[in-house]
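Q: I would like to go through this model by asking, for each label, what value stands behind it and which cut-off that value is set against.

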Amino acid sequence: LDRQIPQVESDLGIRLRIVGFSNRSRMAWNDGGLDPLDAPRLLEAGERNDWALLSARLFHRVRARRERLVFVDCTASPFLAEQYAALLKNGIAVVTPNKLANAGPLEGYRKLRSLSGPEGVPYRYETTVGAALPVLGTLADLRRAGDRLLSLTAILSGTLSFVLHQLNEGVPFSEAVAQAYRLGLTEPHPREDLTGEDVARKLLILLREAGYEADRADLAVQPLVPVDLPAEPNPRIFLDSLSAFDEEWATRVEEARAQGGRLFHVAQFDGAGPRVGPAVLPADHPAARTGPGENVVVYRTDRYSSVPLTISGPGAGPDITASGVLIDLLAAAKDLVRVERPADVLRFETPHSPPADWEVAVLRA
């Protein structure tokens, strides 16, 4: 934000001002604006986090001052996800990489979409799937243009992409997960990644964006470790226990190689039951070309049938995700300041009559 705000104000004519910061324990607020680079100090010296007070301030600014606000939620908090409907109802735009709201009960997803419809307040969440990759926006554009999703194959976890790549290179399962943990690629507790639930949420969001009325119960999810594995709270002790699965995973890698393929952690949908888990992909599959830590989504639609539409690239990391959140923030700000303009009048002057098959359409948005 500190680097980009001057350019944004120059290029887009939008003035961005941060009026509040909040983390799980403290918050800082200033109607005149806050310095982005001063956030750590301001939060440390700020008042105790109080959602009732913060939301009252937000709603007051919108109702009494008629100000345009964007609420950016960069947490994985279920509580904040539950507040999106109230924020949107009160005219406050929401930008978030938090998957919980869109992957919750279907009725809640529908409600948020209705509140942020064509005449509603911006609600942008591209980074919930694939970080900054244009995965959801592309799918939404295809659907609006009348295309229909037939199937998808996706690698949606940078963490599990790294782990499975290491396995295919001969690294034991326990060491591959430990490496991912040491590199900061996993959740604070790596068990959260190995359940496959994070990928299940992403697949659920993709299917809903494509128009399928899917719920979590419709997804078959195969975890990388048994679901009845004791819930060891200490991550390091948990990592040590994974050596019990090294032989099993080495066998699975060899079986995949014998089939002429490699193991990947994949989210799949082919018109039948959506599923998440390890799968063998042949070397010529579009999703099989990804490197360690990369994400890829392969869409087959009515119009992209013989040659699927493939989107790939880094799918995790703070800089990548932050850039995606910033893109969504700028788009939400542009939507909020957009005003009705008079209809344009276009006059075409041609020296000759246009050919018989020449057509033009002018639409007023």
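A: Arg144 is called exposed because its relative accessibility is 65%, and the term applies over 50%, whereas buried means under 20% and partly exposed lies in between, with a 1.4 Å probe and protein chains only. The model is a predicted one, in which local features need pLDDT of at least 70 and side-chain atom pairs count only at pLDDT 80 or more, while totals for chains, interfaces and linings use all residues. Residues are numbered from 1 along each chain as its sequence is written, and side-chain values use heavy atoms, with hydrogens and water left out.

Q: What makes the pair Arg144 and Asp141 a salt bridge?
A: The term asks for a side-chain nitrogen of Lys or Arg within 4 Å of a carboxyl oxygen of Asp or Glu, and the closest N and O atoms of Arg144 and Asp141 are 2.6 Å apart, so the pair qualifies. Arg144 and Asp141 are 3 residues apart in helix α7, which means that about one helical turn separates them. Asp141 is partly exposed, at a relative accessible area of 44%. By this rule the count comes to 18 salt bridges.

Q: Which parts does the salt bridge between Glu213 and Arg110 tie together?
A: The side chains of Glu213 and Arg110 meet at 2.9 Å, N to O. Glu213 lies in the loop between α11 and β8 (220-221) and Arg110 in helix α6, so the pair ties together parts that are 103 residues apart in sequence; helices here are DSSP runs of H or I with at least four residues, and strands are runs of E with at least two, numbered from the N terminus. Glu213 counts as exposed at 59%, and Arg110 as partly exposed at 34%.

Q: What lines the second largest pocket?
A: A pocket is, on a 1 Å grid over the protein atoms alone, an open set of points where a 1.4 Å probe fits, with protein on both sides within 12 Å along at least five of seven lines, and lining residues have an atom within 4 Å of a point. The lining of the second largest pocket has 39 residues, of which Ser116, Tyr123, Arg124, Arg144 and Asp335 lie nearest its centre. Helix α7 gives the most to this lining, with 7 residues.

Q: How do you know that β4 and β6 stand at the edges of their sheet?
A: The open sheet of 3 strands has the order β4-β5-β6, with parallel pairing. In it β4 (70-72) and β6 each have a single partner strand, so one side of each is left without a neighbour in the sheet. Strands pair if DSSP finds at least two bridges between them, and 2 bridges join β5 (residues 93-95) to β6, so this pair meets the rule. In β6, Tyr123 is the bridge partner of Val94.
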